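Here is a short note to read alongside the model. Please keep the structure open and find each residue as it comes up.

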Amino acid sequence: MELEMKLTQNQVLSPQMELSVRILQMDSLRLVEYLKEVMLENPVIELVEPPQKDDRAQMALRKLEWLESQTRNEKENTGYYDEDDDLSLERVVAAPEGTTLVDYLMAQLRAAELPEDLTQAVRFLIGCLNENGYLTSGLEELEKESGLEQSLLEQALAVVQRFEPAGVGARDLAECLCLQLGPEETLARKLACSGLEEIARNRLCQLARRLEEPLESVQQAVERIRRLNPKPGSAYSQAHLPSYITPDVVVTSFGDRYNVMLCEFGYPQVRLSQSYLKMARESTDQEVVDYIGNKARQVEWIQKCIENRNRTLLAISKAIVKRQERFFRYGPRYLNVLRMRDVAEMVEMHESTVSRAVRDKYLQCSHGVYPLRYFFVKGVEREDGRDTSSHYIKTRIRELVEGEDKTAPLSDQKITDLLKQADIAISRRTVAKYREELQIPKSSDRAAR
């Protein structure tokens, strides 16, 4: 054992710099929450609420007049949805505020005016539904659990299956789909009951032969099935209401020029309380003066941090717009290769600062609402040594698959050859990787047999 002295240098963030980094990473919603927390423990801070709804609407209208000429992009401007859900807007409608699936079904039960014993059975079955609206337990099992007769439970289940949303109370996917189909849609009902696996594998020709139906009729019935909601209770089963994205940056176009603006109405303005400042000037108690002075300095630092956040975010957004001008002019297909270090060099900041600034931030333009990270696109080195946007290559692969002959779908090698003809020389392995990321089945599973 021995005793020795060693001198080392460590970089430690001061509390002020740590706060600056935290505020830089906050989106508008989190910034509002943070300011409200500060207000609870700092009496010197005052929050000036953003303009009221009417004023905000007028301000937004002035800034977003260009949207009126962008009605063709209305569908893209509806927002972002969970990537794990394969449900379109026409199949999922958000529940009224504070309404759960059980609440909604119970309201319909109260309006139905059923006999007491049947009402009791329906109430029991409603409580047995899972979050997607399915009844996963068998009636025999439920009979033992509830003490109700199975015949009564069958009547109750028929009542539940007549309730909205259509498909609720189903015991499996096939029954759920059939409950949403009309009695006249006989072919679609047949397919829902016995052809879901073949539909999943796109074996429509095989289905048509087995059912002795024209291929065109089968295709129409399949399209009808695909528009149904396989999870009728999903709109009501969420623990929280769907949140709407508030963009942090808005990009507008005026001719050939793009204007980048911060959404100033997303969070309240911070200012010092004049009454407390007056108290500090008039007080003879040094403790009071020191206390108010410390709290006032905290507020001033928060103001500087927010100003720095906005200045940094605006500079980075302008750099993104400059480098991705083809995207804003022509659409998502024309994203260029862009790395964070490229933007960091343009705005003369560290790459980590750029990463923190774009975290959880959104940009709204004529093509929709996008996370700022969306505009940072990895490049794929082609066989000729040039870089191509991975986003662009994926778009081309999707277009090729959508336009293929369904009776002879394109193999990965054929897609590779077609891309090469379009001056996009990449390996077959890369094509297979991107196809899987796009959730496109292999050619053997896409074939309409």
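1. The model is predicted, not determined by experiment. Please keep this in mind for every value that follows.

2. Start with helix α17, which spans residues 351-358. Its buried residues are Val 354, Ala 357 and Val 358. Viewed down the axis of α17, these residues fall within an arc of 85 degrees, so they line one face of the helix. The general rule behind such a pattern is that an α-helix has 3.6 residues a turn, so residues three or four places apart point the same way.

3. What covers the buried residues of α17? The cover includes α1 (15-25), α14 (286-323) and α16 (340-347). After α17 comes Asp 360, which has a positive phi, near 60 degrees.

4. How many cavities of 30 Å³ or more does a search of the whole structure find? The search finds two. The second largest cavity has a volume of about 40 Å³. Its lining is made up of Ser 28, Asp 248, Leu 262, Cys 263, Tyr 267, Arg 309, Asn 310 and Leu 313.

5. Helix α14 supplies the largest share of the lining of this second largest cavity, with three residues. By type, the lining of the second largest cavity divides into four nonpolar, two polar and two charged residues.

6. Helix α14 also holds Cys 305. Is Cys 305 buried or exposed? Cys 305 has a relative accessible area of 2%, and because the cut-off for buried is under 20%, Cys 305 counts as buried. Leaving aside neighbours within four places in sequence, Cys 305 is in contact with Leu 19, Ser 20 and Ile 23. The C-alpha atoms of Cys 305 and Met 17 are separated by 8.9 Å, although the two residues are 288 residues apart along the chain.

7. Not counting residues up to four places away in sequence, Gln 180 touches Ala 166, Gly 167, Arg 224, Leu 228 and Asn 229. Where does a polar atom of the side chain of Gln 180 lie 2.8 Å from a backbone oxygen? The backbone oxygen in question belongs to Asn 229.

Methods. Residues are numbered from 1 along each chain as its sequence is written. This is a predicted model: local features need pLDDT of at least 70, side-chain atom pairs count only at pLDDT 80 or more; totals for chains, interfaces and linings use all residues. Side-chain values use heavy atoms; hydrogens and water are left out. Buried means under 20% relative accessible area, exposed over 50%, partly exposed in between (1.4 Å probe, protein chains only). Helices (H or I, at least four residues) and strands (E, at least two) are DSSP runs, numbered from the N terminus. The arc is that of the directions from the helix axis to the C-beta atoms. Contact means heavy atoms within 4.5 Å. On a 1 Å grid over the protein atoms alone, a cavity is a set of points where a 1.4 Å probe fits but cannot get out, and a pocket is an open set with protein on both sides within 12 Å along at least five of seven lines; lining residues have an atom within 4 Å of a point. Grid points are joined across faces, edges and corners, and a volume is the space filled by probe spheres set on the points. Ala, Val, Leu, Ile, Met, Phe, Trp, Tyr, Cys and Pro count as nonpolar, Asp, Glu, Lys and Arg as charged, and the others, Gly among them, as polar. A polar contact is a pair of N or O atoms within 3.5 Å; within protein, one must be able to donate a hydrogen and the other to accept it, and residues adjacent in sequence count only if both atoms are side-chain atoms.
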